[in-house]
Amino acid sequence: ARAIWGFRPQTIFCLQLVTYFQRAAMAADASSLVARYGAASGEPTHSAAELLRSEILRSHAPNNIPAALKGVEIGAPALTKKAAFEGQSGAIAASFDACQDAGAARWVLTLICDMLREDSSCFSLFEEALGKQQVNVYEKLLAVVTRQGTEQYVADKAAWLLSSVIGNAPRFFTEAEVRGLVETLQKQGGACSELGVLDALVNLLKADSFRALLWKMPGVSETVTTVSAQNAPPPYLYKCIFAMWLLSFEAEGALNLQEDILVKKLRDVLVHSRVEKVIRLSLTVLKNLLGRTAFAEQVVELGVLEVVQQLEYEKWRDAELYDDIRDLACQISARVADMSNFDRYERELKEGTLKWGFIHSSKFWADNVLKFEQSDYKAIKMLAALLHSTDPTTMAVACHDIGEFVACHPLGKKKIANLQVKERVMELMGSTSAEHREVRREALLCCQKIMLNKWQDMDNFPQ
């Protein structure tokens, strides 16, 4: 080499060393990009599209790339990319037109999505395109998602981009367009991955004006609430919890949120997941929902307090997470005390309508049974009267509670006998009405408790 090029061996070694470090740096960049775009979640790697415009990109669609973007590196800062779009009128529309080519679509969509993720102020580019320039963003991006042969990565990016624009600028879109996008995403055999579909649905939920419409659509709530807390990849699980967080800001009663399902899912997440950002967001969702009576009852009944308290004994890197855990545990404890209040039970009796809840649980009766002695067992007399209600649920709950009183109070059987409750319970046990299925079951259990106590008393008789 020295004879041919005139280099000394030391110089050649230095050049080889520089080349080695350059390749190592490029490999590190590629690994970083793979991590960013979720190769672990099943998406194909596409580092070439993020690192630079490749020769194949230039040769396939040189004229379709807007002139303003030809000098922009794929990893450039968001402000640099934004300036490039602002520097040429119609750059947004031209970029979407370029997406007809697969290679160009991969590069352009990656550039735009990265820009929006880094700086949300860049959505102003699309507001201007939708408003002043009258660019049909919906039609152009939906065509990319539905185009036959579109690779999964490109479809996911196009769906993310379109749903993000709708979520941030909903006034430019109609309910029919939102329905059309959701139906396209959920269509079997579609190009998008499961995570890509979820990403798009979460973006759409960010729009207040479309949230109620979206949640009522078939399959949307199931996508969010049926996620496996134990087996789902952390990015997918986090997105589902993020969707619940968005829903937690809706006014109480505005959406059919199915409190028991959501609370069970959040509890399962706290039990099985140990990803800090997933735990932190789950705690925030519970805190937001705790002010709603229906959710608070489910939180208390499903034993979420014990699960939250257990988290304090785990090892977390973020010290502030311990404060969040203790704060939520205190709030749930306060709700438990409030919902275990005997006065609340009396208020329900006075209303004349009973419904299943924490104040009809075994724990409530164990803690409060002696309070039923107040005012000559007034609450028990009111409870016995509700056995004659016309509401099946009220009668079922009344049977259940009488059974709990008999089992928990030392004089429960005698007081019930004085009120001649057993006869009415046996009548309900023999009811043939189709609406009284739950009533018959609770009446049977109640009668069993009364009779069980009778046989226990006989054990004390002298032989």
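1. Basis. In this predicted model, local features need pLDDT of at least 70 and side-chain atom pairs count only at pLDDT 80 or more, whereas totals for chains, interfaces and linings use all residues. Residues are numbered from 1 along each chain as its sequence is written, and side-chain values use heavy atoms, with hydrogens and water left out.

2. Helix H6. Helices are DSSP runs (H or I, at least four residues), numbered from the N terminus. H6 spans residues 91-98 and is largely enclosed by the rest of the structure, because six of its eight residues are buried. Buried means under 20% relative accessible area, exposed over 50%, and partly exposed in between (1.4 Å probe, protein chains only). The buried residues are Ala 91, Ile 92, Ala 93, Ser 95, Phe 96 and Ala 98. They pack against H5 (78-86), H7 (102-118), H8 (123-131), H9 (137-146) and H10 (152-168), with contact taken as heavy atoms within 4.5 Å.

3. Nonpolar cores. A nonpolar core is a set of buried Ala, Val, Leu, Ile, Met, Phe, Trp, Tyr and Cys residues joined through side-chain atoms within 4.5 Å. The largest has 113 residues, of which Ile 112 and Leu 161 touch the most other members. H10 gives the most to this core, with ten residues. Leaving out residues up to four places away in sequence, Ile 112 touches Phe 85, Ser 95, Phe 96, Phe 126 and Leu 161. A second, separate core holds 33 residues, including Ile 359, Leu 383, Ala 443 and Cys 446.

4. Aromatic pairs. Rings of Phe, Tyr and Trp (its six-membered ring) pair if their centres lie within 6.5 Å; planes under 30 degrees apart count as stacked, over 60 as edge-to-face and the rest as tilted. The count by this rule is 14 aromatic pairs. Trp 245 and Phe 249 are edge-to-face, at 4.9 Å centre to centre and 90 degrees between the planes. Trp 245 is partly exposed at 24% relative accessibility, and Phe 249 is exposed at 52%.

5. Trp 365 and Phe 372 are stacked, 4.3 Å centre to centre with 15 degrees between the planes. Trp 365 is buried at 0% relative accessibility, and Phe 372 is buried at 0%. Ring pairs join Trp 365 and Phe 372 with Phe 342, Tyr 345, Phe 364, Tyr 377 and Phe 405 in a cluster.

6. Charges over rings. The criterion is NZ of Lys or CZ of Arg within 6 Å of the ring centre and within 35 degrees of the ring normal. Lys 239 lies over the face of Phe 242, 5.8 Å from the ring centre. The charged end of Lys 277 sits over the ring of Tyr 238, 4.5 Å from its centre.

Key: Helix = DSSP H or I, 4+ residues; strand = E, 2+ residues; numbered from the N terminus.
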